[in-house]
Amino acid sequence: MNEILLLNKQVGETPLACMERFRDTHPEYQGVKMTYAGRLDPIASGLLIVLTGDKVHEKEAYLGLPKTYECTALLGVATDTYDVLGIPVGDPLLEEERVQVETCAKQAAGGRVRLELETFIGTFQQAYPPYSSKTVDGKQLHQIARSGDIEGVEIPSRLVTVYEVGEVEVRRISRSEIRRQITDTVSRVTGDFRQDEIINVWDRLLQEEVGEDYGLVSFTIAVSSGTYIRSIVNSLGEKIGSGACILKLHRTKVGDFKETNVDKS
């Protein structure tokens, strides 16, 4: 048996569910101690390091490894979770919001998004997202956010580093295709994440005449451990003035471990 497993977490799957799926197809690991090193958000996919046996005691060393992701962000809409598993912020159906969506698509085509992404390279203080597992006064932030009391909370931050942003691609996507992808992604998520409410709000938004299409930006990003790509995308939306949230996030590398070596069974 391997002490270090490289698994592929699927969209909508929890890290724990990913481990259990592996156990189901590898009965030799039944009863063996296992732990995953490094969370992935519900809609994220990709490389998940799982430690087994005595290796579980070395978890902290693996948690601190740098990570590389492939990210696709939807431009023109911000959400309370900073990804599409969230409620759009404000009212994108207002006339001024429609102008922002259309302007954002033009900015993407004009290359401004590429320049703004490069401004994140370096070391800086990053606040935890309101919808995260960080604990404040004995409660996780996402619990406080769901209760509606997040405005009165002083959200902590941590020092993070963005090492590189590369392979930036900007394009446009129709409202119908965005709606299809969001519905498919949110429907895969298990557990209580307000899925019905989220899909209903996105349906209302994307069925209306809010411009012909939206802008998308895809890029790779290498970061230090603990960096929230969701927060970077949300900040990108603030910089360009029209909002942005993650549509897809895929982890390709953790330290020297690459997704090309994941268990395919």
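Is Tyr 62 buried or exposed? In this predicted model, Tyr 62 is buried, its relative accessible area being 11%.

**Overall architecture**

Eight helices and eleven strands make up the secondary structure of the chain. Of its 265 residues, 51% are buried. Among contacts with a separation of 6 or more, 76% join residues 24 or more positions apart. The accessible surface of the chain amounts to about 12,800 Å², and carbon and sulfur atoms contribute 46% of it.

**Aromatic rings and charges**

Three aromatic pairs are found when the whole structure is searched. One of them joins Tyr 62 and Phe 257: the ring centres are 6.3 Å apart and the planes meet at 40°, so the pair is classed as tilted. Tyr 62 belongs to helix 2 (residues 59-63) and Phe 257 to strand 11 (residues 257-258), so this pair ties together parts that are 195 residues apart in sequence. While Tyr 62 is buried, Phe 257 is partly exposed, with a relative accessibility of 23%.

Charged side chains also lie over aromatic rings. Lys 59 is placed over the face of Tyr 36, at 5.5 Å from the ring centre. The ring of Phe 120 has the charged end of Lys 239 over it, 5.4 Å from the centre.

Helix 6 spans residues 175-188 and contains 14 residues. From its first C-alpha to its last, helix 6 reaches 20 Å, close to the 20 Å expected at 1.5 Å a residue. Its buried residues are Arg 175, Ile 178, Gln 181, Ile 182, Thr 185 and Val 186. These residues are on the same side of helix 6 because they cover an arc of only 130° around the axis. The elements against which they pack are strand 4 (67-75), strand 8 (157-174), helix 7 (195-207), strand 9 (213-223) and strand 10 (244-254).

Arg 194 is located in the loop between helix 6 and helix 7. With a relative accessibility of 14%, Arg 194 counts as buried. Apart from neighbours within four places in sequence, Arg 194 contacts Asp 80, Thr 81, Leu 85, Gly 86, Ile 87, Tyr 131 and Arg 146. For Ile 87, the C-alpha atom is separated by 9.0 Å from that of Arg 194, although the two residues are 107 residues apart along the chain.

**Other loop residues**

Ser 224 occupies the loop between strand 9 and helix 8 (229-240). Setting aside residues up to four places away in sequence, Ser 224 touches Pro 66, Val 160, Thr 161 and Tyr 163.

Most residues other than glycine have a negative phi. Tyr 82, which is not a glycine, has a positive phi of about 75°. Tyr 82 is situated in the loop between strand 4 and helix 3 (95-110). Asp 137 likewise has a positive phi, near 55°, and lies in the loop between strand 6 (135-136) and strand 7 (139-140).

| Residue | Relative accessibility and class |
|---|---|
| Ser 224 | 12%, buried |
| Arg 194 | 14%, buried |
| Tyr 82 | 16%, buried |
| Asp 137 | 81%, exposed |

Tyr 82 is therefore buried at 16%, whereas Asp 137 is exposed at 81%.

Notes: Residues numbered from 1 in each chain as written. Predicted model: local features only at pLDDT ≥ 70, side-chain atom pairs only at ≥ 80, totals over all residues. Heavy atoms only, no water. Helix = DSSP H or I, 4+ residues; strand = E, 2+ residues; numbered from the N terminus. Expected span 1.5 Å × (residues − 1). Buried < 20%, exposed > 50% of the residue type's maximum accessible area, 1.4 Å probe, protein only. Arc of directions from axis to C-beta. Contact = heavy atoms within 4.5 Å. Phe/Tyr/Trp six-rings, centres within 6.5 Å; stacked < 30°, edge-to-face > 60°. Lys NZ or Arg CZ within 6 Å of the ring centre and 35° of its normal. Areas by Shrake-Rupley, 256 points an atom, 1.4 Å probe, with all protein chains shown as cover.
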